[in-house]
Amino acid sequence: MELPALGWQSIVIFVVFALSLLIATYCTYAERVIAAFLQDRVGPDRAGPYGLLQPLADAVKMFTKEEFFPGGANKALFVFGPCLAMITALMSSAVIPFGNNMSFGNNAFFLQGIEVNIGMLWVFGVVSLGVYGVMIGGWASNNKFSLLGAIRAASQNISYELAMGMALIAVLMISGTLSLREITLQQSVAGEWHTWNIVKQPLGFIIFLVCAFAETNRTPFDLPECETELVGGYHTEYSSMKLGLYLFSEYVNIFVVSAVMSVLYFGGFNFPFQYELRDWFVNSQGWELASAQNLITLLGTVGLFLKIFAFIFFFMWIRWTLPRFRYDQLMRLGWTILIPLAVFNILLTGGLILAGVI
């Protein structure tokens, strides 16, 4: 019996969420390995071969630690905070196109959870909700250090979302759509890399990248959990798997923002000479067009994940290389440098479009 299109799409949705969780799990392992490499020391090597079972050991530790509720805390919101942070992190991956279309028999489906024509607005809206998980957790903890960390996170996210949104506007001006799938397909003309948006928007990409560090609370912008000033920041009072959800959501966010940058600026699932390779399989090897397209789709998905892993490595490289900013420096960078640069980039992009250059 042939599986209906809805069944195939349901499988894709399940795989997208499973991959998000799996990659975020092993990001904790990659963080330790990369930190050890950059600091010339031994990383995790006890749990399993090469320490590959270390994330599972961490999960067992988190699940078996004592549940702790600080005195005076709002217990319902104290639990709801990390749950909201984790849910919003996972929801944001639903609209990312991880591959082109696949076809089996009469059924064709996209390697994407859901395709909506406002995909980029979905990502921004869901990511914006994530700060409520941090705010609720910091406030419900009944701890001044946690509350200060939550307030820092809120003001930091508001500041850098403005510059990030304006950097995105320049991409939308070029593409004319909010659909992540359409933006990806527009970068596939002849399968060449020079159609990627990084060539047309280098300044916008740099602004987006810097804002991504701030949005994910990563060094050098990890002021909401700055241990030298705030003990542990907004999750100071958290233990057990509630702390694990906060830490886990950070890595899911890194995966999602890496995927978004790959889609917006580096062609997504496109790779150079993909159409030439497909035609070679059809004309020289006698493959059916559908089979050749399926293979190109799988190769494109692998290529997209390689781009994502490169960005994740870059996030971790920066963490173990640069010191954190002071909070006033963080806010000054966002309001007095990145936002004016983003406005200039919009004006420059509009001028180039009117001149017919891009």
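Which residues of α8 are buried? Keep that in mind as you set up the view.

This is a predicted model, where local features need pLDDT of at least 70 and side-chain atom pairs count only at pLDDT 80 or more, while totals for chains, interfaces and linings use all residues. Residues are numbered from 1 along each chain as its sequence is written, and side-chain values use heavy atoms, with hydrogens and water left out.

**Stop 1: helix α8**

Select residues 202-215, which make up helix α8. Helices here are DSSP runs (H or I, at least four residues), and strands are E runs of at least two, numbered from the N terminus. The expected span of a helix is 1.5 Å times one less than its number of residues. For the 14 residues of α8 that gives 20 Å, and the end C-alpha atoms are 20 Å apart, which agrees.

Now colour the buried residues: G204, F205, I207, F208, L209, C211, A212, F213, A214 and E215. Buried means under 20% relative accessible area, exposed means over 50%, and partly exposed is in between (1.4 Å probe, protein chains only). Because 10 of its 14 residues are buried, α8 is largely enclosed by the rest of the structure. Show its packing partners, among them α4 (119-140), α10 (240-265) and α12 (289-319). Just after α8, click N217, which takes a positive phi of about 55 degrees.

**Stop 2: aromatic pairs**

The whole structure holds 21 aromatic pairs. Rings of Phe, Tyr and Trp (its six-membered ring) pair if their centres lie within 6.5 Å; planes under 30 degrees apart count as stacked, over 60 as edge-to-face and the rest as tilted.

Select F78 and Y238. Their ring centres are 4.1 Å apart and their planes are at 5 degrees, so this pair is stacked. F78 lies in helix α3 (residues 75-91) and Y238 in the loop between α9 (227-230) and α10, so the pair ties together parts 160 residues apart in sequence. F78 is buried at 0% relative accessibility. Y238 is buried too, at 5%.

Next, take F221 and F325. Their centres are 5.1 Å apart and their planes at 45 degrees, so the pair is tilted. F221 counts as buried at 3%, whereas F325 is partly exposed at 28%.

Then select F205, F208, Y265, F266 and F311, which form one aromatic cluster.

**Stop 3: charges over rings**

A charge sits over a ring if NZ of Lys or CZ of Arg is within 6 Å of the ring centre and within 35 degrees of the ring normal. Find R181 over the face of F110, 3.6 Å from the ring centre. Finish at K75, whose charged end sits over the ring of F69, 5.4 Å from its centre.

Key: Contact means heavy atoms within 4.5 Å.
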